[in-house]
Amino acid sequence: MARTPVSIVIPVWNLEQVTKACLDALAPTLGDDDQVVVVDNGSSDGTAQMLADYDWVEVVTHETNLGFAAGCNSGAEHARNPVTIFLNNDTLPVGRWIEPLVTPFGDASVGATGPMSNFVSGSQLHKASHDASVRGMKDVRKTALAAMVEGRGKTWPTHRLVGFALAVRTELFAQVGGFETAFETGGYEDDELCRRLQAAGAKLLVAAGSFVYHLGHATFDGNGLDWAGIELRNREVMVAKAREIPVLSLVVDCADGFEKSALSLVELVDLVHLEAQLVLVEHGDDVAQSLAREVTGEDVIVVECPSDADGVRRGLAAATGRRRVSIRSGEGVDAAALREFAGDPKADFTACHVGVPRSAVS
């Protein structure tokens, strides 16, 4: 059975030999319908000329370096497959590394997956590979194969996936707004994205059956950047952005007309004693727009949604609150669940559906 095709986005900035090694390793691992997009982020060396030799690669060119996050976002705009894999150019992917990353997306609740590696922080580190002596591609293949055999079929949930090789559901990535560009050159944009994916109700999984060899910091070092200083600066950006995040988002899927949508929203607001962001999902009509006009003094987001799509999922993805509660128009509110969820001081970047049949509301 053929696997789901992927779109692979590789942002690059100079270091044409590093990128060439990545592409040469990547080519034999691709399926017929896979797509590779290389984003040339203002390279000034021979990268552009080298990429011209790879007719199976789609190249997106920027005159200046937009930064890792913006580069990834611009590449993702060209993705045409259900799963997008963001891949650093200082990686050497070999063997059947893609399939274990893609298989978990058969579960609609999975939003992102990540492989094991020799050079990565957290639970994705494969210790034996980190300690192994690697002198060339023969050793890379041997190391990767051993790690993938060891991890075959194994996955586990995580709250954080590292962006050196990150598989994300393409539609969901667009819905949550992609990577945050305030992190500029790079660092912490993957952490911040993972928080938003989880807040939208998506699961993150480590796929132990996938392994990607990672050189680590090659772009920073090769371009003479102080990666430690950049990481410190971006940590401060992360903290500053955290202060701006609403505590709670209320998501209402306005699919059953104005009166039912308004009733569900009023019940939510009456039960929440916090300033909350309101997210109203519209299905090809003006119900959400009309309801938004009735709401004053609040942060209101209106999300357009195709009639055949999951409005709650889209609303949760568009919301920005740490805690996100959702309800469909016509439903009653589970007051106990809402109070517990909204008041839980430990809840951070998570979502909950509090809608119940109106007959169940006492």
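**Figure 1. Overview of the chain and its cysteines.** Zero disulfides, meaning pairs of cysteine sulfur atoms within 2.5 Å, are found in a search of the whole structure. This is a predicted model, in which local features need pLDDT of at least 70, side-chain atom pairs count only at pLDDT 80 or more, and totals for chains, interfaces and linings use all residues. Residues are numbered from 1 along each chain as its sequence is written, and side-chain values use heavy atoms, with hydrogens and water left out. Cysteine 72 is buried, with a relative accessible area of 0%, and cysteine 254 is also buried, at 0%. Here buried means under 20% relative accessible area, exposed over 50%, and partly exposed in between, with a 1.4 Å probe and protein chains only. Of the 362 residues in the protein chain, 52% are buried. The protein chain exposes about 16,500 Å², and carbon and sulfur atoms supply 52% of that area; accessible areas come from the Shrake-Rupley method with a 1.4 Å probe, and for residues only the protein chains shown count as cover. The protein chain has 14 helices and 17 strands, which are DSSP runs numbered from the N terminus (helices: H or I, at least four residues; strands: E, at least two). Among contacts (heavy atoms within 4.5 Å) with a separation of 6 or more, 75% join residues 24 or more positions apart.

**Figure 2. The sheet of eight strands.** This open sheet has the order E3-E2-E1-E4-E8-E6-E9-E7, and its pairing is mixed. Two strands pair if DSSP finds at least two bridges between them. Strand E3 (57–62) and strand E7 (155–157) are the edge strands, each pairing on one side only. Neighbouring strands are turned by 25 degrees against each other on average, direction ignored. Inside the sheet, strand E6 (residues 110–116) pairs with E9 in the parallel sense over five bridges. Methionine 116 stands opposite phenylalanine 211 in E9.

Figure 3. Helix H1 (residues 16–26) lies across strand E1 (6–12), strand E2 (35–41), E3 and strand E4 (83–87), and runs at about 165 degrees to E1. Axes are lines fitted to C-alpha atoms, for helices over the stretch in contact, and angles run from 0 to 180 degrees between N-to-C directions. The loop between E1 and H1 holds asparagine 14 and leucine 15. Most residues other than glycine have a negative phi. Asparagine 14, however, has a positive phi of about 65 degrees, and phi of leucine 15 is also positive, near 60 degrees. Asparagine 14 is buried, with a relative accessible area of 9%, and leucine 15 is buried at 18%.

**Figure 4. The nonpolar cores.** A nonpolar core is a set of buried Ala, Val, Leu, Ile, Met, Phe, Trp, Tyr and Cys residues joined through side-chain atoms within 4.5 Å. The largest has 66 residues, and those with the most contacts inside it are Ile8, Ile10, Leu23, Ile85 and Trp97. Strand E9 (residues 203–211) gives the largest share of this core, six residues. Not counting residues up to four places away in sequence, leucine 23 touches Ile10, Val36, Val38, Met50, Leu51, Tyr54, Trp56 and Val57.

**Figure 5. The sheet of five strands.** In this open sheet the order is E13-E12-E11-E14-E16, and the pairing is parallel. Its edge strands are strand E13 (299–304) and strand E16 (350–353), each of which pairs on one side only. The twist averages 20 degrees from one strand to the next. Six bridges join strand E12 (residues 277–282) to E13, and valine 281 stands opposite valine 303 in E13. Helix H12 (residues 287–294) packs on the sheet, where it touches strand E11 (248–254), E12 and E13; its direction makes about 155 degrees with that of E12.

Figure 6. Helix H8 (residues 189–199) is largely enclosed by the rest of the structure, because ten of its eleven residues are buried. Among the buried residues of H8 are Glu189, Asp190, Asp191, Glu192 and Arg196. H8 lies across E6, strand E8 (165–169) and E9, running at about 120 degrees to E9. Glycine 201 follows H8 and has a positive phi, near 95 degrees.
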